[in-house]
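Here's a friendly walk through one protein structure, looking at how some of its parts meet. Have the model open beside you as you read.

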Amino acid sequence: MLPGLTLPGSLMALLGALRPCFTAPSFRTFCGLAAGLAGQPRRRTVVGMLLGAGLSRAWPHDRAHYFFARARWQIDELGLAIARLAVMLLVPPGAPLTVAVDDSLFRRAGRKVAGAGWQYDGSSPSRNKLSFGTCFVVAGIVVHLPFLARPVCLPVLARLVPPGRKTGPRASTRAQRKTSAPGSKTAAAVALVTLLAAAFPDRPVHVVADALYHGPALKQLPATVTWTTRLPANAVLYALAPPLPPGRHGPGRPAVKGRRLGTPAQLAAAADWGRGTVHAYGTSRGTALAAVTCLWHGCLGTRTVRVILAKDGRHPLLALVTTDLHATAAALVTRYAARWSIEQAFSDARNVLGAGEARSRTRRAVERTVPFALLIHTLVIIWYARHGHRPQVIAARRASQPWYTTKAGPAFEDMLTQLRRTLITARISAGSQANPTPWQTQEVLAAWHAAAA
């Protein structure tokens with residue numbers, strides 16, 4: 001147990017695996033801030049983490065600020081350590097890794113916030129969809145938990161991507177999208193995926209991303225990585241380059257691409273369609289599928305890709321492009337559908353855990369606080385999957401909230417509430433777990449109700 005800090009043994013077992021990422025003083029601070037962020041139900045600033053851990057009078061607030069702004073630890077190294085922990089505990093041995101990649105804007109205020117600017121924000125209430133804040137590209141490992149029907153994304157790596165040229169809130173949405181530097185986001189995503197591939201050299205890594213994530217940076221992918229993304233409607237595909245006739249030694253460079261196949265809509269019009277079963281978003285349904293092996297010369301040059309086309313009569317044509325040349329079309333559509341789990345992870349980390357509420361301003365602190373919160377989100381899920389799941393607790397909550405007629409599994413809020421109650425119990429009953437006093441029992445019960453608020 002750490003001096004001045006009482007944590008449950010189940011959580012300390014997970015945090016102890018991350019000890020090599022820190023010096024001894026920084027590890028104690030990390031444990032306190034991690035427990036404080038998970039335990040604080042309201043304002044999750046840096047000093048709010050001290051309040052959540054019950055350390056506001058035991059530690060000076062400078063200790064928490066120093067941890068993010070100047071302490072000697074690396075956010076990528078910590079993320080990879082948590083990734084190894086997640087894969088070891090939640091992914092079957094030898095199974096490929098599915099990695100979802102996306103970016104999210106965390107709104108801020110103030111002129112001196114490092115890396116902040118006016119950027120495109122799809123969730124912004126404004127008409128031009130712009131918000132002032134910091135944008136992070138995130139890579140998360142998609143896992144399937146036995147008590148949930150949906151896949152879950154565990155964010156493990158994140159990188160700050162500053163905006164392009166300076167723009168104001170009156171900039172047009174189209175102009176702002178151009179300044180958000182999609183190429184730099186793709187390059188950042190490739191860098192994060194490369195780190196994951198190096199950490200798991202014996203496992204294939206299958207990346208899924210939305211339509212923003214394409215470009216020349218994909219040419220630098222490691223050999224063990226495949227990339228699947230949505231194909232832009234104006235992308236132009238080409239047939240594979242024709243083989244060189246035997247004995248040809250004439251002048252000129254051999255062709256690098258074949259005939260023009262056209263846009264995704266033109267491919268769909270000429271495709272040979274079949275039927276398959278796609279498992280996505282909690283349902284299985286028959287879908288018309290087609291696959292075309294071709295070149296996306298404008299993006300990936302001469303690298304062979306496959307275009308997967310899907311339609312079911314209820315939704316617009318789905319066109320995916322992938323470097324995976326072996327998986328079936330149905331499996332690729334199912335894999336791409338799991339990308340939505342990273343959107344849910346962003347929502348939970350921001351709205352339930354409080355990611356982005358820290359008011360850091362210096363570059364090093366800004367680069368660490370949001371990724372730190374995303375990593376705590378991952379640790380909460382790992383802890384719950386290993387130690388916290390209690391079917392009777394979920395059943396009791398559903399019984400008390402009968403309007404949840406279809407949700408049978410726990411939400412992230414349920415997982416966090418269970419961890420908060422465990423933290424509160426460990427803190428209050430430390431040293432007298434066998435015979436708690438009536439006062440301790442009443443305080444635990446009151447705190448349990450507050451933890452779920």
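On the α2 side, Pro25, Ser26, Arg28, Thr29, Phe30 and Leu33 make the contact, and their partners in α4 are Arg63, Ala64, Phe67 and Phe68. Sorted by class, this contact between α2 and α4 holds six nonpolar, two polar and two charged residues. Keep in mind that you're looking at a predicted model.

How do the two helices sit against each other? Helix α2 (residues 24-39) and helix α4 (residues 61-69) pack at an angle of about 105 degrees, and their axes are 10 Å apart. That makes α2 roughly perpendicular to α4, because angles from 65 to 115 degrees count as roughly perpendicular.

Now for the salt bridges. Searching the whole structure turns up nine of them.

| Salt bridge | Distance |
|---|---|
| Asp102 and Arg339 | 3.2 Å |
| Arg285 and Asp312 | 3.0 Å |
| Arg363 and Glu367 | 3.5 Å |

Take Asp102 and Arg339, which form a salt bridge. Asp102 sits in strand β1 (residues 97-107), while Arg339 is in the loop between α10 (329-337) and α11 (340-353), so this pair ties together parts that lie 237 residues apart in sequence. Are these two buried or exposed? Asp102 is buried, with a relative accessible area of 3%, and Arg339 is buried too, at 10%. Both count as buried because the cut-off is under 20%.

Next up are Arg285 and Asp312, joined by a salt bridge. This pair also links distant parts of the chain: Arg285 belongs to strand β10 (residues 283-295), Asp312 to the loop between β11 (304-311) and β12 (318-322), and the two are 27 residues apart. Arg285 is partly exposed, with a relative accessible area of 23%, and Asp312 is partly exposed at 22%.

Finally, look at Arg363 and Glu367, whose side chains meet in a salt bridge. Why are they separated by about one helical turn? Because the two residues are four apart within helix α12 (residues 363-388). Arg363 counts as partly exposed at 41% relative accessibility, and Glu367 counts as partly exposed at 32%.

Terms used:
Residues numbered from 1 in each chain as written. Predicted model: local features only at pLDDT ≥ 70, side-chain atom pairs only at ≥ 80, totals over all residues. Heavy atoms only, no water. Salt bridge = Lys/Arg side-chain N within 4 Å of Asp/Glu carboxyl O. Buried < 20%, exposed > 50% of the residue type's maximum accessible area, 1.4 Å probe, protein only. Axes fitted to C-alpha atoms, helices over the stretch in contact; angles between N-to-C directions. Parallel < 35°, antiparallel > 145°, perpendicular 65-115°, else oblique. Contact = heavy atoms within 4.5 Å. Nonpolar A, V, L, I, M, F, W, Y, C, P; charged D, E, K, R; others polar.
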